[in-house]
Amino acid sequence: MSEAQIKSLEDQFEARIARDEKIEPKDWMPEKYRQTHIRQMSQHAHSEVVGMLPEGNWITRAPSLRRKVALLAKVQDEGGHGLYLYSAAETLGITRDEMYEQLHSGKAKYSSIFNYPAITWADIGAIGWLVDGAAIINQVALCGASFGPYARAMVRICKEESFHQRQGYEIMLTLTRGTQEQKAMAQDALNRWWWPSLMMFGPRDDESPNTAQSVKWKLKRKTNDELRQQFIDQTVPQAELIGLTVPDKDLQWDEEKNRYNFGKIDWDEFWQVVKGHGPCNTERMTARVSAWENGQWVRDAAIAHADKKSKELNKAV
Amino acid sequence: MKKEWPLWEVFVRSKNGLEHRHFGSLHAADAEMAMANARDVYTRRNEGVSIWVVESKHIVASNPENNGELFEPAKDKAYRHPTFYDLPDDVKHM
């Protein structure tokens, strides 16, 4: 294809997106659109899968059967959400094994939030309320993404995920109505999860070089700062309602702008965790890689069994 | 051995009276596992009463590059639609 032809295809492509048309896997697309989508969707999938790890530890330690079935269902959903997203990414020509390989080798990232430890039961409440709350804000914005398979996966995920946040908030609510120790435990969890949750929306807009392109391609419908502000504005009253204090001394309602002003985010911490120096980066990847390697014989045996059965079937015919 | 499980497409009928609709895809070693995984991945909240799974390689798809020759011809055949025909406003039951 000549350069002029590619340019013309690119113009048509941009026009389709501007008209709010969806792009489907077999449609022509710029190579950068494909690569950016593979990167974002696979990172999103990895985040779902790694996100199961901090919570998994608490399934057997949940304080009641009600909490246990809820957490089990939540973790199972996360596994499912990872699968929807991996499948959506595969439609762009990358294999599942390649994506796992990128995760395990550290080439692909996942959400940094999962490199923080869940050390008390209140952390499970805070994760559902704040981490899933932040994820939902991100994901609702993505339901209108231009790439059809991604948008469809997001719609399913958003529908399923609203219970995740509610069960987390209910855990916090129950703790704040409990003993002094339980209330302190809830406050401590909020103190530790608040700032990392704000970082989940990514760097500030003026330090996020890909934002403009992603907004144009409708891979992002709102900028990082817009989404972060929305999260703060809706979460602060939720904290107040159950008598918890958001750990930000600069937090203040701005009557004029009709939003909260908030304190400075520690971006050094964010980049440290992204680069692999968070409290649990090594632990998370060790768990993933060992699950993958120790499951190899199971995957092989299943394929060998399927091959044998299909050979027997062919012989019988 | 390192062989990836093949890809399957999952179709679910949400309730009797409706058609099976494409829900998504998944990997499985064989049909039995594809069915079990489809149930776990796509019907955790009463989304269906019936599931079809088919290995993706068996699906033949049209190519968007041929959309012109495939779908354009239908565009100028307005006479296939009821509104093409001019009838008096007071004609009943038509």
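I began with one residue pair: B:Val12 has B:Arg21 as its bridge partner in β2(B). Strands here, like helices, are DSSP runs numbered from the N terminus (E, at least two residues, for strands; H or I, at least four, for helices).

A note on the source: this is a predicted model, where local features need pLDDT of at least 70 and side-chain atom pairs pLDDT 80 or more, while totals for chains, interfaces and linings use all residues. Residues are numbered from 1 along each chain as written, chains are lettered from A and ligands numbered from 1 in written order, and side-chain values use heavy atoms, without hydrogens and water.

Next I followed the strands. β1 of chain B (residues 7–13) pairs with β2(B) in the antiparallel sense over seven bridges; pairing takes at least two DSSP bridges. I then found an open, antiparallel sheet of three strands in chain B, ordered β2-β1-β3. Its edge strands are β2 and β3 (50–55).

Then I turned to the chains together. I found 23 residues of chain B in contact (heavy atoms within 4.5 Å) with 26 of chain A. Which salt bridges cross over? The rule (Lys or Arg side-chain nitrogen within 4 Å of an Asp or Glu carboxyl oxygen) finds seven across the interface, and I looked up A:Glu160 with B:Arg44, at 2.9 Å, N to O. On chain B's side, β2 (20–27) and α1 (31–42) are the elements that give two or more residues.
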